[in-house]
Amino acid sequence: MSRKAWIVWGAALCAALALAWTRSTSEAPASEAFVARIELNGPIGPAAAEYVDNAIQRATDQGAKAIVLQMDTPGGLLESMRDIIGGILAAKIPVLGYVAPSGARAASAGTYILYACPIAAMAPATHVGAATPVELGGPTPMPSPLDSAAPSSSKSSDKAGTHPVADAEANKILNDAIANIRALAQMHGRNATWAEQAVRGAATLTASEAVAQHVVDFIAVDSDALLAQADGRVVRVNGGTITLALRGLPLRDYPPDWRARFLGIITNPTIAYVLLLAGIYGLILEAFHPGSFYPGVTGGICLLIGLYALQLLPVSYAGLTLMALGVALLLAEVFVPTAGVLGVGGVIAFVLGSIMLFRTDVPGYTVNVGVIAGIAFCAMAILAMLLRLVMRARRARAFNGEEQMLQDTGELLQAVVAGGEGWARIGGERWRVQSEAALPAGTQVRITGRYGLLLRVAALRTGEGETS
């Protein structure tokens with residue numbers, strides 16, 4: 001493709017992105033009253049936090065009377081959770097937290113977000129709780145920022161914590177989480193005692209139990225019922241009080257824009273992991289085949305996107321270092337004959353680094369073990385193939401040098417007198433040859449000796465075939 005064509009395509013792509021951005025951020029305010037709905041599904045991370053913040057701002061700018069934050073989440077990262085809570089507390093319109101549909105949950109980080117909403121409701125057959133925090137990156141008594149697997153974490157807390165420094169750090173994280181959720185409970189007049197139990201002991205409640213213990217305000221079978229039951233309630237919003245008038249208002253969905261979707265894809269730990277590997281191996285291929293450009297360009301793009309995703313995620317630098325060491329050892333195996341020792345060590349280091357790469361047990365924020373196993377298997381298969389080729393090469397006869405040349409045959413291009421010199425074609429090349437006997441042109445000869453660039457030849461005997 002010509003340079004001019006590349007420029008045209010680039011300009012068209014930029015125009016399309018600018019148009020999409022303009023449409024997503026510059027929509028005209030609604031002419032009639034409505035309620036915005038934001039769906040927060042899956043693990044809570046940087047992409048989810050940015051999506052919620054942008055959607056709240058857009059809904060406010062377009063004149064929404066309230067926002068329904070519909071949740072189904074197993075938990076998420078601490079910083080992302082705090083960003084979402086900050087956006088809810090700073091919103092100029094009320095945010096109605098709603099755990100739905102039936103079968104959904106607001107576990108771990110979702111519990112904190114639900115407590116931050118002026119109105120909290122749940123659909124039938126949903127549950128809330130298990131809000132015990134976990135310190136990232138180490139065996140402490142608590143699960144990561146808001147791991148949903150709290151029961152096992154609380155068991156580990158009974159056994160861990162003999163080191164005073166570790167206990168102090170663990171207590172600091174725990175007390176901070178308790179203070180956070182108690183402050184949210186007190187702000188909206190909810191059960192602060194149970195909120196503390198959800199943090200200390202990973203307590204959970206069903207929808208009916210949550211209403212009975214004043215953890216949520218009511219049960220709503222759907223969004224229309226939510227608005228009807230919230231109608232007329234007085235809530236605190238942005239430092240003031242508002243009486244809700246929501247009955248019968250239409251709902252308008254605010255799905256993630258292209259940027260939020262893109263961030264959601266690349267911040268998936270498995271996708272970030274694959275992008276990182278694609279970038280590394282693309283640059284390696286470019287280094288071994290300079291001038292091909294495609295592996296280098298693709299690898300550079302993938303590596304930059306992967307690194308950007310990693311800086312948004314809780315990454316263990318020990319795991320990242322082990323992965324880099326594994327790749328380095330695999331490359332060293334190509335140049336250093338160690339009979340596979342470096343290669344096997346590289347695969348082991350790479351697998352261990354991949355498992356350790358992300359420092360959290362939050363569901364959805366770990367690399368798929370099947371992907372790691374598949375890449376490790378491919379690396380071992382390639383290493384085994386290389387070792388087999390090396391062993392075959394050691395057992396094979398020589399294909400160049402003096403020994404091989406003495407086995408070659410060729411054809412005289414001109415007649416040679418006894419003891420004279422002439423030219424012959426040997427192995428597809430023209431060589432200066434010398435013969436002790438007179439030989440006519442076209443005679444099939446074999447090499448008997450070599451003196452620099454001069455070959456001594458003799459006529460092939462009857463029944464003697466070519467060996468080259």
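This is a predicted model: local features need pLDDT of at least 70, side-chain atom pairs count only at pLDDT 80 or more; totals for chains, interfaces and linings use all residues.
Student: Let's start with helix 3. How far apart are its end C-alpha atoms?
Tutor: They're 18 Å apart. Helix 3 has 13 residues, 78-90, and at 1.5 Å a residue it should span 18 Å, so the two agree.

Student: Which residues of helix 3 are buried?
Tutor: Ser-80, Met-81, Ile-84, Ile-85, Gly-87 and Ile-88. They cover an arc of only 160° around the axis, so they sit on the same side of helix 3.

Student: Why would residues a few places apart point the same way?
Tutor: An α-helix has 3.6 residues a turn, so residues three or four places apart point the same way.

Student: OK, switching to the surface. Which residues form the nonpolar patch?
Tutor: Phe-288, Val-334, Phe-335, Val-336, Ile-382, Met-385, Leu-386 and Leu-389, with about 750 Å² of accessible area together. Helix 13 (317-335) and helix 15 (369-395) are the elements that give two or more residues to the patch.

Student: And which helix gives the largest share?
Tutor: Helix 15, with 4 residues.

Student: Where's Leu-386, and is it buried, exposed or partly exposed?
Tutor: Leu-386 is in helix 15. Its relative accessible area is 37%, so Leu-386 counts as partly exposed.

Student: New topic: where does UniProt put the "transmembrane region" feature?
Tutor: The unreviewed UniProt entry places it at residues 262-284, 291-309, 339-359 and 365-387.

Student: What do residues 262-284 look like in the model?
Tutor: That span is 91% helix and 0% strand, with its end C-alpha atoms 27 Å apart.

Student: And 291-309? What's the helix content there?
Tutor: Residues 291-309 are 84% helix and 0% strand, and their end C-alpha atoms are 29 Å apart.

Methods
Residues are numbered from 1 along each chain as its sequence is written. Side-chain values use heavy atoms; hydrogens and water are left out. The expected span of a helix is 1.5 Å times one less than its number of residues. Buried means under 20% relative accessible area, exposed over 50%, partly exposed in between (1.4 Å probe, protein chains only). The arc is that of the directions from the helix axis to the C-beta atoms. Patches are made of residues with over 30% relative accessible area and no salt bridge: like charges are joined within 9 Å, nonpolar side chains (Val, Leu, Ile, Met, Phe, Trp, Tyr) within 5 Å. Accessible areas come from the Shrake-Rupley method with a 1.4 Å probe; for residues, only the protein chains shown count as cover. A salt bridge is a side-chain nitrogen of Lys or Arg within 4 Å of a carboxyl oxygen of Asp or Glu. UniProt positions are given in the numbering used here, feature names are shortened, and annotations may be inferred rather than shown by experiment.
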